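This report goes through one protein chain, part by part. Please keep the sequence and the structure in view while reading.

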Amino acid sequence: MYVLDTNVFIDAANAYYAFDLAPGYWDFLVRLFASHHAVSIKSVYDELGDAGDGDPLKDWAKQHKQHFIVPDSRVVACYQQVMTWAKDNYEPPAVSEFQRVADSWIVAHALANGWVVVTHEKPAPRSKRRIKIPDACAGVGVACTTPFEMLRHRGMSLALSVGERAEQGLLSSVL
């Protein structure tokens, strides 16, 4: 099972898998959620909810709120373990930031359940000023991967199609 970081959603929506260009990506995520191959967490949902009204990603998250899970007692126990690791290895401002955002909870959910964290973040093991998710995962023994690797592993492929209006535009520009 995969647990998805906030940037998996935001980067996709704002760049390469925009809702109007790649609806298949979002359909695939819903299928991963429904088949219990992926989840995200309430803290991620809350971060997505910070967007303005009418934001397509915020609206999508609201439609799929049931796939953003809340921590249980095992996750809370693992959260304490994750935060102890952070305090032992990073400066207080880095720990405070890590605690404030969803990152620490994502790692705790993965640790408690044996899940794989999915994030765009790159490790920065020498940094003491910012805790990167891959470094936290390595520190507590959690697997971590990129969204693209997860999508390949789960067999996603997107087919391109040209809409009717686009075809008409192409034909008229050729003629």
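This is a predicted model: local features need pLDDT of at least 70, side-chain atom pairs count only at pLDDT 80 or more; totals for chains, interfaces and linings use all residues.

Buried would require a value under 20%, and exposed a value over 50%. Phe148, at 33% relative accessibility, also falls in the partly exposed class.

The ring centres of Tyr16 and Phe148 are 5.5 Å apart and the ring planes are at 50°, so this pair is tilted. Tyr16 is in the loop between helix 1 and helix 2 (23–34), while Phe148 belongs to helix 9 (residues 147–153). The pair therefore ties together parts that lie 132 residues apart in sequence.

The structure has 13 aromatic pairs. In one of them, Phe9 with Phe68, the centres are 5.7 Å apart and the planes stand at 45°, so the pair is tilted. Phe9 is part of helix 1 (residues 6–14) and Phe68 is part of strand 3, so parts 59 residues apart in sequence are tied together. Both Phe9 and Phe68 are buried.

Phe9, Phe68, Tyr16 and Phe148 belong to one aromatic cluster, whose members also include Tyr17, Phe19, Tyr25, Trp26, Phe33, Tyr45 and Trp60. A contact of another kind involves Tyr90: the charged end of Lys128 sits over the Tyr90 ring, 5.2 Å from the ring centre.

In general, strands of a sheet pair through backbone hydrogen bonds, in a parallel or an antiparallel sense.

Strand 1 (residues 2–4) pairs with strand 2 in the parallel sense over two bridges, and here Val3 has Val39 of strand 2 as its bridge partner. Strand 2 also pairs with strand 3, again parallel and over two bridges; Ser40 has Phe68 of strand 3 as its bridge partner. Phe68 thus takes part in the sheet and in the ring pair with Phe9. Strand 4 (residues 116–118) is joined to strand 5 by two bridges in the parallel sense, with Val117 opposite Cys144 of strand 5.

Side chains in a regular strand alternate between the two faces of the sheet. In strand 2 (residues 38–41), Ala38 and Ser40 point one way, whereas Val39 and Ile41 point the other way. Are these four residues of strand 2 buried or exposed? All are buried.

## Asp103

Asp103 is located in helix 7 (residues 103–113). Asp103 is buried but has no salt bridge. Which side chain of opposite charge is nearest to Asp103? It is Arg130, at 4.6 Å. A salt bridge needs a nitrogen-to-oxygen distance within 4 Å.

Leaving aside residues up to four places away in sequence, Asp103 touches Asp5, Phe98, Glu121, Ile131 and Ile133.

## The chain as a whole

The secondary structure consists of ten helices and five strands. The chain has 175 residues, of which 42% count as buried. Of the contacts between residues at least 6 apart in sequence, 74% join residues at least 24 apart.

Key
Residues are numbered from 1 along each chain as its sequence is written. Side-chain values use heavy atoms; hydrogens and water are left out. Buried means under 20% relative accessible area, exposed over 50%, partly exposed in between (1.4 Å probe, protein chains only). Lys and Arg count as positive and Asp and Glu as negative; His and the chain ends are not counted. Contact means heavy atoms within 4.5 Å. Two strands pair if DSSP finds at least two bridges between them. Rings of Phe, Tyr and Trp (its six-membered ring) pair if their centres lie within 6.5 Å; planes under 30 degrees apart count as stacked, over 60 as edge-to-face and the rest as tilted. A charge sits over a ring if NZ of Lys or CZ of Arg is within 6 Å of the ring centre and within 35 degrees of the ring normal.
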